[in-house]
Amino acid sequence: MKGEMNLKDTIAAISSPRGTGAIAIIRIDGEKSHEIARKITGLENVEFKRVYHRFIKYENEILDDANIVFYKSPNSYTGNDLVEIYCHGGILVTHRILDVILNEGARLAERGEFTKRAFLNGKLSLIQAEAIYQIIEAKSELSLKISLENLRGKLGKEIEEFRNRLLHVLAEIEVSIDYPDDIESDNNLIVNELNEIYKLISEKVKKSKKGMHLSSGIIMTIVGKPNSGKSTLLNRLLYEDRAIVTDIPGTTRDVIKGEIDISGVHFVIVDTAGIRETDDPIEKIGIERSLKEIQKADIILFVLDATTGFTEEDSFIFDQIKNYNFLPVWNKCDVGNKINKFQEESVKISAINGTGLRDLERTIIEKVRDIIESGETSHVTTQRQLEILERVNQYIKSALKNFEIGYELDIISIDIRKALEELDTLLGRKFSEDLLDTIFSNFCVGK
Ligand SMILES: Nc1nc2c(ncn2[C@@H]2O[C@H](COP(=O)(O)OP(=O)(O)OP(=O)(O)O)[C@@H](O)[C@H]2O)c(=O)[nH]1
Ligand SMILES: [Mg+2]
């Protein structure tokens, strides 16, 4: 998005997805939007927010049969005069209508420009604008839920609360500077309050990291000895022949990934090379990668072969994973029953015919319950927001340290002011054109 964009411009875009569909939505925003829409619909004296059904005509040619809604500033998504046209969703039809609108003086909207205008007109906070992007992008029910909460303003309120408390601290400091009597007791109050805010923000950062990690997918890694059926299980969970399966041990050499949803939770499944002693240099590299994947996993499916029982090789793998969140899975239960370890805590399946799969999914969800619940509380959802909160806490920490050293209050107040500035940027009270460009250029055109 270019920096210097005129807010007075009338902009237009197709807001529905590209391609053919039942209905397409064209939006026009800005001073001339009503005039243009009146011209192509023949409507006069329109009632706002009412659906009109009219033919779209231009220079005596009929372009489509459509529904049109006029919104009057400030009562629109953007806060400006806005028109939405619901026309037939053909590529040609929509482009012809859009062309006419552009011909009449509108220009093509940039990515996210409607939402940017909404922000600049005070219809949305920056956190809410970011939430809108994330609602559109949400891959799991959980991240959708958090983004909807953020749109509703829950996170913004919590951040406002941090800001108000810091502002109060700053006011206290300023009073102490002006009236230096009894500073000792005041300082204690200030230090306690700063510690309290620091604690709350740290918790928020921690939860946010977990939650953000969760929305990109819980990492579930399948490990086990060669030929235990790991790749068969991956394919089964993905409903797709992703990984090569053969009866030759050592088939999988590279790390293979796929994504699925289990009970509304998004997972990244990772299939790895079977772990064993080997002289094959390629297989060795694969095994090294498997061991690395173990460290990144949120949950490990430890696939055991019910036709061989628990072997030396399994025992070696067990040593590698025992300190992680792992779930023993006895596979090939259709043909074997040598279940000589983890009788109670394991799940018994046949990856090849699908028995036990529902039970496996249920147990997986149980095993990651903590992670899911930590992600359910309100949290920041973008890297920008997270980094700001971390910086706020650095300033608070520095202020606390300066108290300890015994610096003058006016020096301490510098950190508090910086922390407040950061919170203002988070809330969008303070912003630069560059920041807005970075945020809104992620959006689709027409949003
Ligand atoms: N009977 C039976 N055979 C299975 C089952 N799951 C996998 N197999 C067979 O076991 C063999 C190995 O399966 P893979 O999925 O390639 O095993 P893997 O663990 O990925 O093996 P590597 O990639 O070599 O580590 C294949 O012949 C599969 O058809 C099962 O549940 N029952
Ligand atoms: Mg494999």
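With a disulfide taken as a pair of cysteine sulfur atoms within 2.5 Å, the structure holds zero disulfides. C87 counts as buried because its relative accessibility is 2%, whereas C333, at 26%, counts as partly exposed; buried means under 20% relative accessible area, exposed over 50%, and partly exposed in between, with a 1.4 Å probe and protein chains only.

The model is predicted, so local features need pLDDT of at least 70 and side-chain atom pairs pLDDT 80 or more, while totals for chains, interfaces and linings use all residues. Residues are numbered from 1 along each chain as its sequence is written, chains are lettered from A and ligands numbered from 1 in the order in which they are written, and side-chain values use heavy atoms, with hydrogens and water left out.

Next, select ligand 1, which 23 residues surround (a heavy atom within 4 Å), the closest being K230, T232, G250, T251 and T252. At I352 a polar backbone atom is 3.1 Å from an oxygen atom of ligand 1. Taken alone, ligand 1 exposes 650 Å², of which the protein buries 90% (Shrake-Rupley method, 1.4 Å probe).

Finally, select helix α15, residues 433–440, whose buried residues are L435, L436, D437, I439 and F440. Their cover includes α3 (113–120), α4 (126–137), α13 (383–405) and α14 (409–427); helices here are DSSP runs of H or I, at least four residues, numbered from the N terminus.

Definitions and conventions: Helix = DSSP H or I, 4+ residues; strand = E, 2+ residues; numbered from the N terminus. Contact = heavy atoms within 4.5 Å. Polar contact = N/O pair within 3.5 Å; in protein donor to acceptor, adjacent residues only side chain to side chain.
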